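The following paragraphs lead through a protein model, from a pocket to a sheet and then to a single residue. Please keep the structure in view while reading.

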Amino acid sequence: MKLISLLLASILIPLNTMSQTPPNYNESKVPALHLPDPFVSEKGKLIHTVEDWEKTRRPEIFRLFESEVYGQLPKDFEAISFEVVKENANPFSQIADLEEVNITVGRNGKSHTIRINFFLPKPQKGPFPVILLINYLPNYPDGKLVDEAFWPVRELIQRGFATASFHVETVAPDDAKTYQNGIISTLYPEQIGKSDGLKAFGAWGWAAMRAMDYLEQHPRIDSKKSVLVGHSRTGKTALWTSANDPRWAITYANESGCGGAALSKRKFGETIEAINTRFPHWFADNFLKYNGKEESLPLDQHLLPGLIAPRAVYYSSAREDRWADPKGEYLGIQLGSRIASEIYGKKAVFEKEFEELEGPVHLESVGYHIREGAHDLTWEDWRIFLEFVEKNL
Ligand code: GTR
């Protein structure tokens, strides 16, 4: 009996969180929420207009996320070049052209190369809208192209999208010991050791920006119609990327949970301490200050969609993915969409409470769905999200 319950515990709780406080999955134990007001500046000024938002409040919130949560995402470099190589067979040669692109970036006499795999519908010339997926799955490293369930290239091409993906390992390895062995030590070594320095999420976001540099100059791409997609850890990354880079028209974070869509102060499922312990290379070192002290965070994730507004933001959850806190993810977009509606005048009010949701909510520039099942980016997620894209791109 004891053995069975031990086994069960190790299935339900990721192993290295077991030494910490067990995760809370009980709604009645969620603390009362005291969330910072997006519409009051640090000096107490009420924020009503686009100008007040963009000149005063947005920069304050951006700096807080940069210093306390994600760390810096440096924008400077000296040289960038693109080289199309041919290393793999095109698995979709009937319907798409494939470009395997090496993007080489130079700074301070050093350079680093990342790879994107890029499919364009054929025989049409375009220009096409484009969807970039940030991939991290270990079994689909760069160059090995696609897992069709996670990245449904065929369906995207058939619907008239060009689509690209890069793997995070070509930028900054997803590993606490080796994450600096990519662009961080090569291009931005001065960031190492800073409490708000560049970490893995910033590095992956930087790579999404370099992919956009390529897409933007591509004659067959309409980069004004661009969509950035990430799942889970790369959903968190996608949100921070779009907060830094206004070139993305739509940003989609699937099941991005703690440090992404979900409110940290709810302490439901994965907590700041749990994520910082298992993944110390993801967030700025300053984020460690909030381990077990979510109430002292001077922000929460409901402020993140506002950094992307008035561009579109989409979240989704899976019912069984309680570790990512589906209700906290919904609240993140429900509260976060207030910038789109109250500052930018979009029809972006989520009227239903989480418990009342019956189907996807697709509003002007913001949307959300929850599906049955476990943590994953599935075709069902893509299919519902694409309905939103068709309305909002
Ligand atoms: C989990 C982690 C989450 C999420 C997820 C993923 O183990 O706790 O924050 O990022 O991994 O990326 O698959």
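On a 1 Å grid over the protein atoms alone, a pocket is an open set of points where a 1.4 Å probe fits, with protein on both sides within 12 Å along at least five of seven lines; lining residues have an atom within 4 Å of a point. The model is predicted: local features need pLDDT of at least 70 and side-chain atom pairs pLDDT 80 or more, while totals for chains, interfaces and linings use all residues. Residues are numbered from 1 along each chain as its sequence is written, and side-chain values use heavy atoms, without hydrogens and water.

The second largest pocket has a volume of about 270 Å³, taken as the space filled by probe spheres set on grid points joined across faces, edges and corners. Among its 17 lining residues, Thr21, Pro22, Asn24, Lys267 and Thr271 lie nearest the centre.

Ten strands form an open sheet with mixed pairing, in the order S1-S2-S3-S5-S4-S6-S7-S8-S10-S9; strands are DSSP runs of E with at least two residues, helices runs of H or I with at least four, numbered from the N terminus. Strands S1 (79-85) and S9 (361-362) each have a single partner strand, so one side of each lacks a neighbour in the sheet.

Leu303 is found in the loop between helix H7 (272-278) and helix H8 (304-308).

Note on methods
Pairing = 2+ DSSP bridges.
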